[in-house]
Amino acid sequence: MATVVSDQSFLSGANAPFIGELYERFLQDPAQVDESWRDYFADLHDDVGLVQGDVHGPSWASRGNRVIGGTGEAADGSGPVADAAKPAASGDPFSDSDIRQASLDSLRAIMLIRAYRIRGHLKAKLDPLGLEPPTPHPELDPAHYGFTEEDWDRPIFINHVLGLETATLRQIIELLDRTYCGSIGVEFMHMQDPEQKAWIQERIEQIRNRTEFTERGKHTILERLTAAETFEQFLGRKYVGTKRFGLDGAESLIPALEQILKRGTQIGLEEVVIGMSHRGRLNVLCNFLSKPFRAIISEFLGNPANPEDVGGSGDVKYHMGVSADREFDDANVHLTLNANPSHLEIVNPVVIGRVRAKQAQRNDSSNRRKVLGILMHGDAAFAGQGVVAETFAFSDLRGYRTGGTIHVIVNNQIGFTTAPAFSRSSPYPTDVAKMVDAPIFHVNGDDPEAVVHVARIAIEFRQEFGVDVVIDMFCYRRFGHNEGDEPMFTQPLMYSKIATQKTTRQLYAEQLEREGVIKAGEAESMVKEHDDNLNSEFEAGLNYKPNKADWLEGKWSGFTKAHGDARRGETSVDKEILRDVGMKLTQAPDGFSMNRKLKRVVEQRRKAIESGEGIDWANAESLAFGTLLVQGDGVRLSGQDSGRGTFSQRHSVWIDQNTEERHIPLNSLGTDPLHYEVIDSPLSEASVLGFEYGFSQAEPNILTLWEAQFGDFANGAQVVVDQFISSGEHKWLRMSGLVMLLPHGYEGQGPEHSSARLERYLQLCGEDNMQVVYCTTPANYFHVLRRQQRRDFRKPLIVMSPKSLLRHKLCVSTLDDMAEGTSFHRVMYDNEVLCKDKDVKRVVICSGKVYYDLYEERARRGQTDVFFLRLEQLYPFPRKALMEELARFPQAEVVWCQEEPWNMGAWSFVDRRIESVLVELDGACKRPLYAGRAEAASPATGSHGRHVREQEALVQEALAVGEEMSKGSRYAAE
């Protein structure tokens, strides 16, 4: 039955009266028909719920259609069938066959209309080049439903569907073609929300999917097209063959963006954050974000985008971002174009994160209509890069939703040299957007009025429903992937057609001349006016000098560049405040049913707070968060299972065991508004880390943290680390105080759950770009978190966070370690004096968990001639502090000990730096020795027994003295 129902050819021929009868019964009582038919008719009901008369025929006709052999009917001619088969009563001009035909016509017409709503886009004229004509679907053919040539001019009752009570088939097809098969193809019938679907259907069908622009509106569109085209042509003449990734072929993007702002400001929009790749970026900077053309010319001449005294390494001109204010109809809107690396789509979550932060700043966290994200994509990247889908996944998630993003695809119908048939399996690049039921508007880029029309609908829809919407603008690249490319190598037919294709501006100017909107020659006068202005700006650009950088303004006012050596900040807290915060964080609400295991954890924390002793890692973290909150900073923590913590250590969200209601102790501190936000993130490292980076860029007054479930899971977000976190400040002058918590440590859990790849982060360190720490005490962790917010600058912080140390009996601190007079220690030394400095034979330098293995083995041995130094901060390298400590032991040999293999961990980073310190001290030891695992391809063994043997060996080696260190000496020499 299901197979029959799915094939609409059943509507033709002898089945038609039977279908009509079934549909009539369904309208009267759905239970009268089989379940499969109920599902089918119910699916139709969105379109024909008000058209019960469809099956009955026009309102003026009498009923009477019946099917021979139906329920309650006799095959011998008696009963209802015989009555129905009798001639019409005297005075009734309509026979049963007329009624049956009218009923069937209505049903078939509704089915045809529905098919156009679903598949009309397949027939739309979307490709400006016309390389592949549309291939209409058979369901768009009236013959598919049983209509013949004789049926085209017979009136059909459709009960105001398409706005008409009755219409001929010819009229219906003409209206459907105009609405769904012109320069715009709409995909919306996949949407599950009836209200959203009905909104789009009504919005486009009422006006036949076309805006009737005023003459002034048409002039404005032409002016914007002219500005876009002359910009590209001017640069093309001045800098022949220079890469600019021009907008040539996609100029309609500029008036479309203008329309989003103009209409948006009328319905509540105040700020927009934009992300886009290279294509047309310079044009958008100039013609949409009002960056002076003289500044762009200066960059073409090789000058820096910012004053030289600001510093930074800069970036190529088509990666740079900018901020601006625009005014539309006396309404101001603030614009930010996010800087973007060559990993095209990775900017998407960064933009969404910034939008989320800015919505909070504008008190827009409830409606989310004041701040909008606009993401511009290439067609190949949109279809090909997984972060696009990962970003869509944020659409309706509690901790990430932003009230909808407008996605604009500049569909060049090619990716570099790869044709769509080789780069995606779906008919459009947009199909991934259906995962969140986003409406999709495909539009011909050479019809600028259609492009502006769908841009207007897109912003209206987003503001109405707070969900994503996609504009897929079909266009082309006039000069290949870049202006120095030769596209005829790979796409000769496409580029032969492009060579003869008039520009969008030329086509539109000719249209306006035909319509009498502009006079002959007026369009060329506009071109000359823009060219004259560009020439003037070009001359000014020859001597242009930027007078400021816009990086420490707005929310960043009062911040400065990093300065000083210790950089400790004011991280200590009054002991009574610590105690008060700690007690509140261990107090359950009245009537709260707490998990019995959690109750023990909370009681232990409370006892530690009361005694001031035995503060473990999670307790210290909650104290850091809590004291920041009471001092006015916010805290945002996200990651997989961050509420509870991967290792059941954090428990910052308590779940009532009877109701599953959530209690967040940190939000019971009396701060107003409540500033602690903890989110269990989707299972995506790249998009979530990008989101949090974007959030931290926009909001310096909230401690923003991302936690990996295991440290090596950050591998999946390496692009964010490489392109943004480690280099963003120097490339784009954009600070971030983002914290990455990466569980790290060798406990025999195998290669995927041991190493956070410390070596990768250290390799990225340079020019004071970020901080990397591997703390050994809860108190030092407390201080390093608070240090992020208690200074007048921001730097990303990479934390190798613990696993086994979360519950290690020795890994505890006191409230005194966090109270007045304390701070973060970059280098920590032995608290126990086992011998005089002159009697120390070996200094072992290490970081993190291995310290406790070394400490316990030294105690077991009763060894007194080995001194431990802990590098709590690996970068910026604490050279001065280390030198002060090592100066105490000029006669001792120095060993670096780590758990990681020789070619991983911190060894290759600290080796020469420690050597430099030793050389300057000019003691007996000039080069550190190595104690750790041998060189390896995998970060750790999968065998627990082997792990134990390796761990024991490296500890023994680190504590050996003199002749016993031959193995370590060999590694050092390597």
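Two strands are taken to pair if DSSP finds at least two bridges between them. Helices (H or I, at least four residues) and strands (E, at least two) are DSSP runs, numbered from the N terminus.

## Basis of the model

This is a predicted model, in which local features need pLDDT of at least 70 and side-chain atom pairs count only at pLDDT 80 or more, while totals for chains, interfaces and linings use all residues. Residues are numbered from 1 along each chain as its sequence is written, and side-chain values use heavy atoms, with hydrogens and water left out.

In β21, L869 is the bridge partner of Y829. The strands concerned, β19 and β21 (residues 866–871), pair in the antiparallel sense over three bridges. Strands of a sheet pair through backbone hydrogen bonds, either parallel or antiparallel.

Both strands belong to an open sheet of five strands with mixed pairing, in the order β19-β21-β20-β23-β24. Strands β19 (827–829) and β24 (929–933) stand at the edges with a single partner strand each, so one side of each is left without a neighbour in the sheet. On average, neighbouring strands of this sheet are turned by 25° against each other, direction ignored. Helix α31 (residues 907–921) packs on the sheet and touches β20 (842–846), β21, β23 (893–901) and β24; the direction of α31 makes about 170° with that of β23. For such angles, axes are lines fitted to C-alpha atoms, for helices over the stretch in contact, and the values run from 0 to 180 degrees between N-to-C directions.

Strand β9 (residues 440–444) is mostly covered, with five of its five residues buried. Buried denotes under 20% relative accessible area, exposed over 50%, and partly exposed the range in between (1.4 Å probe, protein chains only). Both faces of β9 are covered: I440, H442 and N444 lie on one side, F441 and V443 on the other, and all are buried.

Strand β3 (residues 184–187) pairs with β9 in the antiparallel sense over four bridges, and I184 stands opposite V443. Strand β10 (residues 469–474) runs parallel to β9, joined by five bridges. Within β10, M473 is the bridge partner of V443.

## Buried positions in helices

T226 is placed in helix α9 (residues 215–238). With 0% relative accessibility, T226 counts as buried. A polar atom of the T226 side chain lies 2.7 Å from the backbone oxygen of L222. Apart from neighbours within four places in sequence, T226 is in contact (heavy atoms within 4.5 Å) with R505, M526, V527 and H530.

V581, in helix α21 (residues 575–584), is buried with a relative accessible area of 2%. Its C-alpha atom is separated by 8.9 Å from that of S622, which is 41 residues apart along the chain. Leaving aside neighbours within four places in sequence, V581 is in contact with L623, G626, T627, V630 and L669.

Helix α25 (residues 718–725) is mostly covered, six of its eight residues being buried. These are Q718, V720, V721, Q723, F724 and I725. Their cover includes α13 (347–361), α24 (685–698), α26 (728–732), β16 (739–743) and α27 (758–764).

## Aromatic pairs and charges over rings

The whole structure holds 27 aromatic pairs. Rings of Phe, Tyr and Trp (its six-membered ring) pair if their centres lie within 6.5 Å; planes under 30 degrees apart count as stacked, over 60 as edge-to-face and the rest as tilted. The rings of Y239 and F300 have centres 4.8 Å apart and planes at 25°, so this pair is stacked. The pair links distant parts of the chain, 61 residues apart: Y239 is in the loop between α9 and α10 (253–266), and F300 is in helix α12 (residues 293–300). Both Y239 and F300 are buried. The rings of Y851 and Y855, with centres 5.9 Å apart and planes at 45°, form a tilted pair. Y851 and Y855 are four residues apart in helix α29 (residues 850–861), and therefore separated by about one helical turn. Y851 is buried, at 7% relative accessible area, whereas Y855 is partly exposed, at 21%.

Ring pairs also link F231, F234, F293 and F538 into a cluster. K238 lies over the face of F538, 4.5 Å from the ring centre. A charge sits over a ring if NZ of Lys or CZ of Arg is within 6 Å of the ring centre and within 35 degrees of the ring normal. The charged end of R636 likewise sits over the ring of Y400, at 5.4 Å from its centre.

Terms used. Polar contact = N/O pair within 3.5 Å; in protein donor to acceptor, adjacent residues only side chain to side chain.
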